[in-house]
Amino acid sequence: MQTSMLEKYGAARLPRYTSYPTAPLFSPAVDARCYGEWLASLAPGIRTALYLHIPFCRAMCWYCGCHTSITLRDHPIEEYLAVLHEEVRLVAARAGDRAVIDDVHFGGGTPTIMSPDAFLSLMDWLRRHLAFHADTAIAIEIDPRTLTRDMAFALGEGGVRRASLGVQSFDEKVQRAINRLQSAARTAEAMADLRAAGVTGINVDLIYGLPHQTERSCVDTAREAVAMRPDRLAVFGYAHVPSFKKHQRLIDESALPGAHERDAQAEAIAETLTAAGYTRIGLDHYALPHDPLALAAAAGRLRRNFQGYTTDTSEALIGLGASAIGQMPQGFVQNEVPTGSYAARVAAGAFATAKGYRLTDEDRLRAAVIERLMCDFAVDLAAVGRAHNIDTEFLMHGNTRLDALRDDGIVEIDAGVVRVRQDHRFIVRAVAACFDAYLGGSGRTHGQAA
């Protein structure tokens, strides 16, 4: 049964639903003027997260789907950081001290490509201009291959307490096929330096579906990662989109595993991690039982945002840097993607907003339904409707996608509760898509503007 359902639903290209609506629906109708107004209207004391994008790496990993560019020189990074400082000032001037910063996340690219002094200077600048507090959580993504001990200790000094280390695979044959050579020993050394510096929350990223990967190599990588005892692991499926990311054309497509092999790899990793004592969380995360992510999942408080599964409960997200996405109570905004365009906007004293999306009440309702499905594999439609003051009956009426999933035994529906069956959780995104108004057959709209 699982094999037939994989063939029917597993190959569909569906969103990861780290936001709703998803980024392809953003438009230039939401511009810098809108963003400025939204910042100025933030409620005093609103709990806010920051995302800072550092779009530089020393070498290109061929599987990468991120917005980044390659530089062997420090000067472009220094110029970019100067622009980032100015963007922080512009945002602070409009938002004032109304936004209380609960969470900060540095992503990339390779955020730790900046020098230790540059990182500490940026953290000082952020604290001077925005309302941090003693418990502000700061996290950063790291390439262990280039992390120096000095940088690890600068991260600790700057207040970073959680780091995400890219591993992907320890199989050298796979590494050569994706242009990313990285030993387990180097990774363990980076992890030890971080822990010595006070960065005690460690996440490891793994990928399945890469060229030349097998179940055996996936299990071996998972076991080597577990031996380092990270607090969390995120396990993603490789998305091969060479028409969108041209460097992926360097990957030998004939060496990529098929859908059944990918599913077997994902399940083999899952079995390895759960056998090692990690709790399976949502679609693709794992955490030790005492970790806040596992505790949030057990209590029904798990959230999902652009970084994946999270405990972040912020009501607003300020995105800083080229391509960064933010979310105000009114909707989404995204900065210019090319660093040159981003820098030109900021240099002119303007926000770098290129596009965005203004949310409707129905969008917020559907977003809440999709988030609960992605986090809990179940949603009480009536309860979500009460929270949003909308009758949710329209979500079920004429919902041909949901009807098909029920008929196939993938979901169970009882008294308005939609629940994904345990053995079909691997296609939860197909269930979430049933409530996406911008995909066909997902229920009529409630009369709101799309």
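I will talk about the aromatic ring contacts in this predicted model.

Local features here need pLDDT of at least 70 and side-chain atom pairs count only at pLDDT 80 or more, while totals for chains, interfaces and linings use all residues. Residues are numbered from 1 along each chain as its sequence is written, and side-chain values use heavy atoms, with hydrogens and water left out.

A search of the whole structure gives 7 aromatic pairs, where rings of Phe, Tyr and Trp (its six-membered ring) pair if their centres lie within 6.5 Å, and where planes under 30 degrees apart count as stacked, over 60 as edge-to-face and the rest as tilted. One of them is the tilted pair of Y80 and Y342, at 5.6 Å centre to centre and with 40° between the planes. This pair links distant parts of the chain, since Y80 is in helix α3 (residues 75-95) and Y342 is in helix α11 (residues 339-347), 262 residues apart; helices (H or I, at least four residues) and strands (E, at least two) are DSSP runs, numbered from the N terminus. Y80 has 4% relative accessibility and is buried, as is Y342 at 0%, with buried meaning under 20% relative accessible area, exposed over 50% and partly exposed in between (1.4 Å probe, protein chains only).

Turning to another pair, F306 and F332 have ring centres 6.1 Å apart and planes at 80°, so they are edge-to-face. F306 lies in the loop between β11 (303-305) and β12 (308-310) and F332 in strand β15 (residues 331-335), so the pair ties together parts 26 residues apart in sequence. F306 is partly exposed at 23%, whereas F332 is buried at 1%. Ring pairs link F26, F306 and F332 into a cluster.
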